[in-house]
Amino acid sequence: FVKLDSSKEEYGPGPLLLLYNVPSGIEDAEFRDMVEDGAPRATASSAGGVVVRRLMKGDKKESSLLDASLSEALEDIAKQGKEVEGGEAKSLGIIDQFGTIPSPGEEVSASSGSPVLFFSGFSNSEMMDTYRIIASEIYEESGRTLSAACAKAVPNAMNKPLIQVLEEISGDHADAMKMQRKQQQQQQ
């Protein structure tokens, strides 16, 4: 983990946001609005806006992306986002045609780990503002059962496979949330 105080600068390609294992009930238009509200500078600073990509655990169609290094995956996603053309998609660079939305049988649950909001190329303040907005929506959409993890691109992780990074973050966050619930129950 990296303390945000020690990493004030924007790092990594983007601005882009990976949404890993987020509930399907939150539509792309809602994510666009939440990112615009939380990160107005990032949204306005880039010609294509913020690139947003949904990824799901176990998605076979995404295996080459998930197996790529974090650096390669982020560069590829940023490039794909710049290629998105037309309509609302271009205003925020959300990658509808490349992203995956779980089918009803694949809905995200606490057993599939924590959802992860992974930021690249964001300032810490806009990252945290956007995280708070989206994490709150995920919590409510999941019936108050899912707590999203927040992470950002850092140099030490860039050579690791994307899936390893996302799964480590998801698992560590899920473990921390279990421990927190256990401590709360013991205090009651």
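What percentage of the 188 residues in the chain is buried? Buried residues make up 49% of them, where buried means under 20% relative accessible area, exposed over 50%, and partly exposed in between (1.4 Å probe, protein chains only). The model is predicted: local features need pLDDT of at least 70, side-chain atom pairs count only at pLDDT 80 or more, and totals for chains, interfaces and linings use all residues. Residues are numbered from 1 along each chain as its sequence is written, and side-chain values use heavy atoms, with hydrogens and water left out.

View 1. Helices (H or I, at least four residues) and strands (E, at least two) are DSSP runs, numbered from the N terminus. The order of elements from the N terminus is β-α-α-β-α-α-α-β-α-β-α. Contact means heavy atoms within 4.5 Å. Of the contacts with a separation of 6 or more, 82% are between residues 24 or more positions apart.

**View 2. Strand 1 pairs with strand 2 in the parallel sense and runs antiparallel to strand 3.** Two strands pair if DSSP finds at least two bridges between them. Five bridges link strand 1 and strand 2, and Leu17 stands opposite Val52 of strand 2. Five bridges also join strand 1 to strand 3. Here Leu19 has Leu117 as its bridge partner. Strand 3 in turn pairs with strand 4 in the parallel sense, over four bridges. The partner of Phe119 in strand 4 is Lys152.

**View 3. Strands 2 and 3 have buried residues pointing both ways.** In a regular strand the side chains alternate between the two faces of the sheet. From strand 2, Val51, Arg53 and Leu55 point one way, while Val52 and Arg54 point the other way. Five of the five residues of strand 2 are buried, so this strand is largely enclosed by the rest of the structure. From strand 3, Val116, Phe118 and Ser120 point one way, and Leu117 and Phe119 the other way. Strand 3 is mostly covered, with five of its five residues buried.

**View 4. The largest nonpolar core has 25 residues.** A nonpolar core is a set of buried Ala, Val, Leu, Ile, Met, Phe, Trp, Tyr and Cys residues joined through side-chain atoms within 4.5 Å. Leu18, Leu55, Leu70, Leu74, Phe118, Leu162 and Leu166 have the most contacts inside this core. Among the elements that give two or more residues to the core are strand 1 (16-20), strand 2 (51-55), strand 3 (116-120) and strand 4 (149-152). Helix 4 gives the most, with five residues. Leaving aside neighbours within four places in sequence, Leu18 is in contact with Arg53, Leu55, Leu74, Ile77, Val116, Leu117, Phe118 and Leu162. A second, separate core has 21 residues, including Ile26, Met34, Ala39 and Leu117.

**View 5. Thr130 lies in helix 6 (residues 124-141).** Thr130 counts as buried because its relative accessibility is 0%. Beyond its neighbours within four places in sequence, Thr130 is in contact with Met34, Val35, Gly38, Ala39, Phe119 and Phe122.

**View 6. The loop between helix 6 and strand 4 holds Ser142 and Arg144.** Ser142 is buried, with a relative accessible area of 17%. Its C-alpha atom is separated by 9.9 Å from that of Ile26, 116 residues apart along the chain. Arg144 counts as exposed, at 53% relative accessibility. Phi of Arg144 is near 65°, a positive value in a residue other than glycine.

**View 7. A cis peptide bond joins Gly14 and Pro15.** Omega is about 15° at this bond. Pro15 lies in the segment before strand 1. Asn21 is in the loop between strand 1 and helix 1 (28-38). Phi of Asn21 is near 60°, a positive value in a residue other than glycine. Asn21 is buried, with a relative accessible area of 1%.
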